[in-house]
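Take a look first, and then we'll walk through a few spots.

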Amino acid sequence: MAAVKEENGTAARSGGEESTYTLACQKLENLLNKSMRIRMTDGRTLVGLFLCTDRDCNVILGSAQEFLKSTDLFSQGEPRVLGLAMIPGHHVVSIEVEADSLAGSQGF
């Protein structure tokens with residue numbers, strides 16, 4: 001059985017688990033400061049820059065804007081500027097990284 005040692009709030013991994021953990025961390029690091037669209041359980045959508053997450057899947061967005069669920073497909077309405085926003089993980093329905101944000105980081 002692999003031993004797990006806590007250091008500064010992060011768990012040290014061993015063996016094959018370490019490579020999976022490292023790969024997951026690298027993927028998250030590549031998403032830092034990318035524009036994301038998060039749909040929530042109450043129908044709202046938040047768009048902003050991905051700043052961080054935690055082990056409970058809470059997400060912090062910077063420069064966030066809130067879009068309310070629209071009953072009419074043609075009237076989206078004005079977004080509400082939130083600035084820095086924390087989205088509890090249990091309220092997240094889906095997360096999309098905006099394509100323009102990814103293309104800019106890969107040099108396309």
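Let's start with A85: setting aside neighbours within four places in sequence, A85 is in contact with V59, I60, L61 and A64, where contact means heavy atoms within 4.5 Å. Keep in mind that this is a predicted model, where local features need pLDDT of at least 70 and side-chain atom pairs count only at pLDDT 80 or more, while totals for chains, interfaces and linings use all residues. Residues are numbered from 1 along each chain as its sequence is written, and side-chain values use heavy atoms, with hydrogens and water left out.

A85 also belongs to the largest nonpolar core, 10 residues in all, including V59, L61 and A64. A nonpolar core here is a set of buried Ala, Val, Leu, Ile, Met, Phe, Trp, Tyr and Cys residues joined through side-chain atoms within 4.5 Å, and buried means under 20% relative accessible area, exposed over 50%, partly exposed in between (1.4 Å probe, protein chains only). β3, β4, β5 and β6 each supply at least two residues of this core; strands are DSSP runs (E, at least two residues), numbered from the N terminus.

Now for R44, which sits in the loop between β3 and β4. R44 is partly exposed, at 25% relative accessible area. Its side chain makes two polar contacts, listed below; each is a pair of N or O atoms within 3.5 Å, one able to donate a hydrogen and the other to accept it, and residues adjacent in sequence count only if both atoms are side-chain atoms.

| Side chain | Partner side chain and distance |
|---|---|
| R44 | D42, 2.7 Å |
| R44 | E66, 2.7 Å |

Technical notes. Helix = DSSP H or I, 4+ residues; strand = E, 2+ residues; numbered from the N terminus.
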